[in-house]
Amino acid sequence: STGMKDVFDKIQRAAIVDSTVLILGDSGTGKELVAQALHHNSPRKKGPFVAVNCAAVPATLVESELFGHVRGAFTGATDRRIGRFEQADGGTLFVDEIGDFELGLQAKLLRVLETLTLTPVGGHEDRKVNVRVLAATSRDINKMVAEGKFREDLFYRLNVVTIHLPPLRERTDDIPILVEHFLKQIAQDKHTAHRRVSREVMERFLAHRWPGNVRELRNTLESMM
């Protein structure tokens, strides 16, 4: 579809530079796949690609998850832990659902992005990292900035290049292509015979709104298979 051709074009142009990229789109549209494409087509492709989903990490542990911690930093911190930033040194760090960051942590993240220097939780020594940061959110981040729920300075620091993934309902031309791709993939993964959907089923697919987007389409096809 035209919308996805625009996405591919932006990926190609943004991959070769080291700018921060903000990937926007509804849940299930494939934001992490865009991040992987940016990494694997970049000069950093031989370095690590590290992904962290902020929504999946308890709020009290997000800082430790990103920046690491020293032994004794808090109850249960029996050993030093390297955070995601240090794990991604020389490569790319993908921070998913960055809209879930609480305001206090947003200030710390802004400092790291601007200086590429971090301090582990409970530590006193700064550590330099060489990381390209890609961020994504399914939230309306412009609205969050206007309501004071997301720091404006961090938003502008992240929003150097923006890639917006359209929902599946706005790119129905892609549905037959995705269906064929997923049917082959599922047949291979599950060691089953390859099948096709009937014209009637495809018409239902094209008419459906797909609130879960591409993820919902794939899961539906796996259930059918």
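Which residues is Phe49 in contact with, leaving aside its neighbours within four places in sequence? I began with this question, keeping in mind that the model is predicted.

**Entry on Phe49.** I placed Phe49 in strand β2, which covers residues 49–53, and I then listed its contacts beyond four places in sequence, which are Glu32, Ala35, Gln36, His39, Thr92 and Phe94. I looked up its accessibility as well, and because the relative value is 22%, Phe49 counts as partly exposed. I also checked Phe49 against Thr192, 143 residues apart along the chain, and found their C-alpha atoms separated by 32 Å.

**Entry on Glu65.** I looked for a partner of its side chain and found a polar contact of 2.7 Å to the side chain of Arg84.

**Entry on the aromatic rings.** I counted 4 aromatic pairs in the model. I wrote down the geometry of the pair Phe205 and Trp210, whose ring centres are 5.4 Å apart and whose planes stand at 75°, so the pair is edge-to-face, the angle being over 60 degrees. I then looked up the accessibility of both partners: Phe205 counts as buried because its relative accessibility is 7%, and Trp210 counts as buried because its value is 2%.

Conventions:
Residues numbered from 1 in each chain as written. Predicted model: local features only at pLDDT ≥ 70, side-chain atom pairs only at ≥ 80, totals over all residues. Heavy atoms only, no water. Polar contact = N/O pair within 3.5 Å; in protein donor to acceptor, adjacent residues only side chain to side chain. Helix = DSSP H or I, 4+ residues; strand = E, 2+ residues; numbered from the N terminus. Buried < 20%, exposed > 50% of the residue type's maximum accessible area, 1.4 Å probe, protein only. Contact = heavy atoms within 4.5 Å. Phe/Tyr/Trp six-rings, centres within 6.5 Å; stacked < 30°, edge-to-face > 60°.
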